[in-house]
Amino acid sequence: MLKSLNIHKGVNLGGWLSQCDYTKEHLDTFITEQDFAEIAGLGFDHIRIPVDFNLFQNNDGTLIEDGFSRLDNAFALSEKYNMRVILDLHKTAGFSFDSGENESGFFDNEKYQNMFYQLWEAFAKRYGSRPGQIVFELLNEVTDAEFIDAWNRIADICIARIRVYAPDTIILVGSYFNNSVKTVPALNPPKDAKVMYNFHCYEPLVFTHQGATWAAEINPDDRMPFSESGTTVEYFTEMFAAALEKAKAENTSLYCGEYGIIQYISPEDTVAWFKVIHAVFEQYDIPRAVWTWKGMHFGIADTRLDAVRDELLRYL
């Protein structure tokens with residue numbers, strides 16, 4: 001499905017319309033037309049834009065035009081530079097993958113769920129006539145296993161409501177444990193023929209997130225070279241197997257919306273990890289978007305990677 005849209009390799013614009021301070025200065029300057037031009041110039045065919053609900057929706061559910069206007073501009077720039085877009089709702093009322101956001105209750109709160117449906121209906125009304133350019137990703141990184149039954153139900157309802165206004169738009173749905181590829185089999189069968197499964201991959205986490213202060217399972221003082229990480233083609237092949245089987249059984253496909261390496265890893269080890277996961281993406285024809293363009297501890301445009309940039313770009 002995504003292949004028909006010329007979506008093969010992309011990059012996230014993390015930290016722009018999500019996970020930010022929401023000031024006008026930031027929203028106006030963190031990502032500009034120059035970034036779109038540079039991304040396209042490096043050969044990426046799409047971008048994934050994470051967005052937070054509070055740029056588009058007040059607490060009473062009313063809509064905020066400024067947020068939609070910013071998306072309009074982003075989509076116009078994407079079209080100018082011949083790139084497609086994944087629109088990812090990174091935070092919704094009552095839920096964020098980031099516990100520091102203090103959003104909770106979504107999976108058992110009817111008000112929050114209705115706000116979620118209404119926001120997606122608004123996106124669908126505004127952008128559903130552009131299925132050749134824009135893909136919808138319902139929600140970023142459902143966390144706990146206990147949420148999956150509610151999430152399957154909510155996702156199916158939301159897709160049905162989107163379809164009233166966007167019958168042809170491709171929709172991505174991810175599973176629990178933060179969109180783990182291992183939990184894809186827990187998802188419902190696709191609601192229709194234009195629904196795909198989405199996953200993220202930062203495995204092994206003790207390698208890709210070494211030095212992170214926000215991950216409970218990581219000791220930020222520990223360091224691990226790539227040679228000791230156990231990262232091989234066979235490692236990812238085995239990890240992806242059940243998801244690939246599920247997608248095949250349901251007559252759909254997989255998309256990897258995030259994968260990447262933290263800034264504390266050497267440039268050489270960074271390339272080594274990307275080379276391995278790239279081989280598996282290519283083997284199974286999995287389109288993907290690297291996390292992330294700049295900053296956010298994972299920026300591929302950051303100067304730390306200048307010495308290996310040409311080689312790195314071969315494996316994204």
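**Terms and their grounds**

Q: Why is aspartate 192 called partly exposed?
A: Aspartate 192 has a relative accessibility of 25%. Buried means under 20% relative accessible area, exposed over 50%, and partly exposed in between (1.4 Å probe, protein chains only). The value lies in between, so aspartate 192 counts as partly exposed. The model is a predicted one, in which local features need pLDDT of at least 70 and side-chain atom pairs count only at pLDDT 80 or more, while totals for chains, interfaces and linings use all residues. Residues are numbered from 1 along each chain as its sequence is written, and side-chain values use heavy atoms, with hydrogens and water left out.

Q: What makes the meeting of arginine 163 and aspartate 192 a salt bridge?
A: A salt bridge is a side-chain nitrogen of Lys or Arg within 4 Å of a carboxyl oxygen of Asp or Glu. For arginine 163 and aspartate 192 the N to O distance is 2.6 Å, so the pair meets the rule. The pair links distant parts of the chain, 29 residues apart: arginine 163 belongs to helix α5 (residues 148–163), and aspartate 192 to the loop between α6 (176–179) and β7 (195–201). Helices (H or I, at least four residues) and strands (E, at least two) are DSSP runs, numbered from the N terminus.

Q: Is arginine 163 buried or exposed, and how do you know?
A: Arginine 163 has 14% relative accessibility and therefore counts as buried.

Q: How do you know that arginine 126 and aspartate 72 form a salt bridge?
A: Their side chains meet at 2.6 Å, N to O. This pair also links distant parts of the chain, with arginine 126 in helix α4 (residues 110–127) and aspartate 72 in helix α3 (residues 65–80), 54 residues apart. Arginine 126, at 30% relative accessibility, is partly exposed, and aspartate 72, at 28%, is partly exposed as well.

Q: What are the classes of arginine 309 and aspartate 306?
A: Arginine 309, at 18% relative accessibility, counts as buried, whereas aspartate 306, with a relative accessible area of 46%, is partly exposed. Their side chains meet in a salt bridge of 2.8 Å, N to O. Elsewhere, salt bridges that share partners join Lys24, Asp28, Asp66 and Arg70 into one network.

Q: How many salt bridges does the rule give?
A: The count comes to 18 salt bridges.

Q: Why is strand β2 described as largely enclosed?
A: In strand β2 (residues 46–52), 7 of the 7 residues are buried, so the strand is largely enclosed by the rest of the structure. His46, Arg48, Pro50 and Asp52 point one way from β2, and Ile47, Ile49 and Val51 point the other way. In a regular strand the side chains alternate between the two faces of the sheet.

Q: What makes β2 and β3 a pair of strands?
A: Two strands pair if DSSP finds at least two bridges between them. Between β2 and strand β3 (residues 84–92) there are 7 bridges, so the two strands pair, and they run parallel. Histidine 46 has arginine 84 in β3 as its bridge partner.

Q: Why is glycine 211 called buried?
A: Its relative accessible area is 8%, so glycine 211 falls under the 20% limit. Glycine 211 is placed in the loop between α7 (205–208) and α8 (233–249).
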